[in-house]
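Biologist: I am new to this structure. Please walk me through it.

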Amino acid sequence: MVLLSPIFSQSADFRFDSVACQDCDGHAKSVVYSSSSWLSETAAIDPNSKNRLMIQSGFSSTTRRIWSNYWTYPNLDFAIKTTNNLAITGKIYGFSTEKESPQVLGAGLQYFFGGKDTLDWVTSIQRIDLKGLNHFRLTSLTFDFRKWVDWKTFQFRIGAGSNFFKEQSYSGNHSAPSTMEGQINYFGLDALQNFSIYKVGLGMRINPNLSFLTLFLQKELF
C-alpha cells in the first residue's frame, strides 16, 4: 500500500511543446520551476523515533492551476537512521505520464539536534536529479530547516527551506532556453497522525509564485 502512489498519482506535464501557447518560453519555465519545487519535498523523519528504516509514499499537487490544470506528482522516499543524530535519505523511482518516463534519483542527509533530552530540530540537505525526459534534465539541491512540535496526538514539522535548480534543455520542437537556473524559497508545514502501524501526513510548502500540497503515508519498519 505504501508504494502505490508512484503508480497512480501523476498528472504533471513535462513537455515543453504540449500546449498551443503564445508564450512557449514561459510555459517551459513553468515546467522546470514546478518540477524543481516538487523535488524539494523532504522526508518527515521523526527525530525521536527508535526505528532505523522508514518508507514514505504519497503525492504532491500544485495549489493553483498551471495552464488550466492542477499538476500532481508522485513521491517515494526512504530513510535509514545511522545514528540518533543522522539519517541518510534517498529518492529512487520512475513512473510514466503521457509520453514521458521520468526517473527520480538522488540522496541526502538529515541531522537532528536540540536540547539535552529532545532532538526536535532538523537540518536537511538533498540533491535530486530528474532524468529520462524528452526535453530536459534537471538537478535540484534543497536546504531545509525544521522544528518538530508535539500537540495532543499530532506531530508538526515547521520551518523553511531553499531549493536551487539547474536545468539543461535538449534540442527539439520548442523555443526553451538551453539552460535555466534559479532559487525557490518556501515556508513548510507538515502535520502527522498515527493510524495503526502507519503515519498519515499532510503538508504544505508555500511560495508566493507556486505552492504545493502534499499527502503521504509513512511506515517505519524497525
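Predicted model: local features only at pLDDT ≥ 70, side-chain atom pairs only at ≥ 80, totals over all residues.

Biologist: How many bridges pair strand β5 with strand β6?
Modeller: Strands are DSSP runs of E, at least two residues, and helices are runs of H or I, at least four, numbered from the N terminus. Two strands pair if DSSP finds at least two bridges between them. β5 (residues 121–131) and β6 (residues 136–151) form a hairpin with four residues between them, and Gly 132 in the turn has a positive phi of about 80°. They run antiparallel, and the count is 10 bridges.

Biologist: Which residue in the turn between β6 and β7 has a positive phi?
Modeller: β6 and β7 run antiparallel, joined by 16 bridges. Two residues lie between them in a hairpin. The positive phi is about 55°, and it belongs to Lys 152.

Biologist: Which residue of β6 stands opposite Ser 124?
Modeller: Ser 124 has its counterpart in β6. That counterpart also forms a salt bridge with Arg 146, the closest N and O atoms being 2.9 Å apart. A salt bridge puts a side-chain nitrogen of Lys or Arg within 4 Å of a carboxyl oxygen of Asp or Glu. The residue opposite Ser 124 is Asp 144.

Biologist: How many residues apart in sequence are Arg 157 and Asp 190?
Modeller: Their side chains meet in a salt bridge, 2.6 Å from N to O. Arg 157 lies in strand β7 (residues 154–169) and Asp 190 in strand β8, so the pair ties together parts whose separation in sequence is 33 residues.

Biologist: Is Asp 190 buried or exposed?
Modeller: Buried means under 20% relative accessible area, exposed over 50%, and partly exposed in between, with a 1.4 Å probe and protein chains only. Arg 157 has a relative accessible area of 1%. Asp 190 has 3%, so the word for Asp 190 is buried.

Biologist: Which residue forms a salt bridge with Lys 91?
Modeller: The whole structure holds eight salt bridges. In this one the closest N and O atoms are 2.7 Å apart. Lys 91 is in strand β3 (residues 86–94), and its partner, 14 residues away, is in strand β2 (residues 72–81). Both are buried, and the partner is Asp 77.

Biologist: Which element gives the most to the lining of the largest cavity?
Modeller: On a 1 Å grid over the protein atoms alone, a cavity is a set of points where a 1.4 Å probe fits but cannot get out, and lining residues have an atom within 4 Å of a point. The largest cavity holds about 60 Å³, a volume being the space filled by probe spheres set on points joined across faces, edges and corners. β1 (53–62) and β2 each give two or more residues. With three residues, the leading element is β2.

Biologist: What is the volume of the largest pocket?
Modeller: A pocket is an open set with protein on both sides within 12 Å along at least five of seven lines. α2 gives the most to the lining here, with five residues. The volume is about 180 Å³.

Methods
Residues numbered from 1 in each chain as written. Heavy atoms only, no water.
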